[in-house]
Amino acid sequence: MLTSVGIGTEAVWEAIKKGENGIAPITAFDPTCFNCRIAGEVKNFDPALYIEKKEIKKMGRFIQFAIAASEFAFQASGFKVTNDEEAERTGVYIGSGIGGFEVIEREHKILLEKGPGRISPFFIPAPIINLASGHFSMRTRPKGPNSAPATAITTIAPAIGQSQSDHNTEHAGRMDRCGTR
């Protein structure tokens with residue numbers, strides 16, 4: 001978990017038990033022109049703890065969060081992709097309500113102030129939602145379905161539905177190959 005009260009399951013659980021509240025003044029940007037100036041920000045997140053330094057600039061913050069959270073989940077599960085068969089049967093579904101708007105905003109500002117030649121070559125891949133699951137797949141080596149539903153709060157529904165559909169399709173294909181349908 002990456003939350004406004006902590007990073008990692010143990011830290012978050014301890015904060016919850018203590019009744020800590022992660023709502024505080026916004027620090028990620030200047031909120032003075034907004035009516036609301038408080039939020040539940042993830043603070044003290046260091047992407048270098050989870051991602052190679054040279055890769056960080058290629059990703060929006062939401063991708064960095066997705067990789068860190070996915071690493072936590074993957075490690076907690078104890079699952080490892082150890083052979084090609086497991087790799088083919090293992091997929092990655094990471095959903096997000098929205099992509100890297102901070103990247104779009106930053107690069108737009110650079111475009112206006114410095115011109116198109118100064119825009120980052122990583123501008124297009126950095127905010128794209130499906131690169132959260134793509135980057136994690138490259139790290140962990142699954143070769144099965146890879147998807148990044150962008151359905152906000154309901155993201156879990158298509159992930160579960162698609163995984164069940166993929167399982168049924170794979171199972172039906174295996175039965176066809178065996179001649180026992």
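In the predicted model, helices α3 and α6 lie oblique to each other, because their axes cross at roughly 45°. Helix α3 spans residues 61-77 and helix α6 spans residues 130-140. The two axes come within 9 Å, and the crossing is right-handed.

The contact between these helices draws on residues from both elements. On the α3 side, Phe-62, Ile-63, Ala-66, Ile-67, Ser-70, Glu-71 and Phe-74 take part. Their counterparts in α6 are Leu-131, Ala-132, His-135, Phe-136, Arg-139 and Thr-140. By residue class, the contact of α3 with α6 comprises eight nonpolar, three polar and two charged residues.

Zero disulfides are present in the structure. For Cys-33, the closest cysteine sulfur is that of Cys-36, at 12 Å. A disulfide requires two cysteine sulfur atoms within 2.5 Å, and the separation of Cys-33 from Cys-36 is therefore too far for a bond. Cys-36 is likewise in no disulfide, its nearest cysteine sulfur being that of Cys-33. The two residues also fall into separate accessibility classes: Cys-33 is exposed, with a relative accessible area of 65%, whereas Cys-36 is partly exposed, with a relative accessible area of 47%.

Note on methods
Residues numbered from 1 in each chain as written. Predicted model: local features only at pLDDT ≥ 70, side-chain atom pairs only at ≥ 80, totals over all residues. Heavy atoms only, no water. Axes fitted to C-alpha atoms, helices over the stretch in contact; angles between N-to-C directions. Helix = DSSP H or I, 4+ residues; strand = E, 2+ residues; numbered from the N terminus. Parallel < 35°, antiparallel > 145°, perpendicular 65-115°, else oblique. Left-handed = near helix turned anticlockwise from the far one by under 90°. Contact = heavy atoms within 4.5 Å. Nonpolar A, V, L, I, M, F, W, Y, C, P; charged D, E, K, R; others polar. Buried < 20%, exposed > 50% of the residue type's maximum accessible area, 1.4 Å probe, protein only.
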